[in-house]
Amino acid sequence: MESTKERMISLKHLIAAASTTNIQEELKQHQMRVSKICEKIARVLKMHYDSMVELLMAAQLHDIGKLWIPQQILDKPEKLDEKEMKIIKRHVFYGYEYVKSKKMNSSIAEAVLYHHERFDGKGYIGLKSKEIPLFSRIIAVADAFDAMTNDRPYRKALSLEEAVEEIKKNSGTQFDPEIADTFIKLGVYKINK
Ligand SMILES: [Fe+2]
């Protein structure tokens, strides 16, 4: 667990990060696509409008903390070593601090903080099952699907069918089975392609 001091983000860092346009553009596109999938899931779940707005804000910001992660780690084509993994995991804390600094609702900050939690408790921080906020459980499915269906520095994109198969395979372990089910059965994933 990072100390509060380590997690603090200064305005200076924010300005420096904002000038790294490449990652910014990719990040923006990824967060937009994730947000679209989240919206579809929220509509199927008949989520209250105000909650949906918060969910979509969280989705649009979920990886903002990556702006403070060195680009060579984000772009590394090989598997990350232990030290690099430790660094990349900080993005959830950076994102959390950023959202809090903008005085947004705490549910948005928490959704960002916990978006890499796994349903079985083996995620970044270790919350499990329904301890993980609903917004984070929704973002986790949308995020994984978008990551799998787009090229990454370390691998080519999977087909829609292969990605859906992965979500299915990891339902109940990585993902909340109810959210994964909603996503698969109702064809929520078809919206982006
Ligand atoms: Fe992330």
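Leaving aside its neighbours within four places in sequence, which residues is Val112 in contact with? Keep that one in mind; the answer is in point 4.

1. First, what you're looking at. This is a predicted model, in which local features need pLDDT of at least 70, side-chain atom pairs count only at pLDDT 80 or more, and totals for chains, interfaces and linings use all residues. Residues are numbered from 1 along each chain as its sequence is written.

2. Of the chain's 193 residues, 35% count as buried. A residue is buried if 20 or more other C-beta atoms lie within 10 Å of its own, exposed if 12 or fewer, and partly exposed in between, with C-beta atoms placed from the backbone. Among contacts between residues at least 6 apart in sequence, 64% join residues at least 24 apart; two residues are in contact if their C-beta atoms, placed from the backbone, lie within 7 Å.

3. Now for the inside. The largest nonpolar core has 41 residues, and Cys38, Val112, Ile138, Ile139, Val141 and Ala142 touch the most other members. Such a core is a set of buried Ala, Val, Leu, Ile, Met, Phe, Trp, Tyr and Cys residues joined through C-beta atoms within 7 Å. Elements giving two or more residues to this core include helix H3 (21–44), helix H4 (49–61), helix H8 (106–113) and helix H9 (134–148). H9 gives the most, with eight residues.

4. Back to Val112. Beyond its neighbours within four places in sequence, Val112 is in contact with Ala58, Leu61, His62, Val92, Gly95, Tyr96 and Val99. Val112 is one of the buried residues of H8, along with Ile108, Ala109, Ala111 and Leu113. The buried residues of H8 pack against H4, H7 and H9.

5. Next, look at H4 against H9. They pack at an angle of about 50°, with their axes 10 Å apart. Axes are lines fitted to C-alpha atoms, for helices over the stretch in contact, and angles run from 0 to 180 degrees between N-to-C directions. H4 and H9 are therefore oblique to each other (under 35 degrees counts as roughly parallel, over 145 as roughly antiparallel, 65 to 115 as roughly perpendicular and the rest as oblique). Glu54, Leu55, Ala58 and Ala59 in H4 meet Phe135, Ile138, Ile139 and Ala142 in H9. Those residues divide into seven nonpolar, no polar and one charged. In this count Ala, Val, Leu, Ile, Met, Phe, Trp, Tyr, Cys and Pro are nonpolar, Asp, Glu, Lys and Arg charged, and the others, Gly among them, polar.

6. H9 also packs with H10: their axes come within 9 Å and cross at roughly 145°. Val141, Ala144, Phe145 and Met148 of H9 make the contact with Ala163, Glu166 and Ile167 of H10. That contact divides into six nonpolar, no polar and one charged.

7. Finally, two loop residues to check. Most residues other than glycine have a negative phi. Lys103, in the loop between H7 and H8, has a positive phi near 60°. Lys103 is exposed, with 7 other C-beta atoms within 10 Å. Ser129 has a positive phi of about 50° and lies in the loop between H8 and H9. Ser129 is partly exposed, with 13 other C-beta atoms within 10 Å.

Conventions
Helix = DSSP H or I, 4+ residues; strand = E, 2+ residues; numbered from the N terminus.
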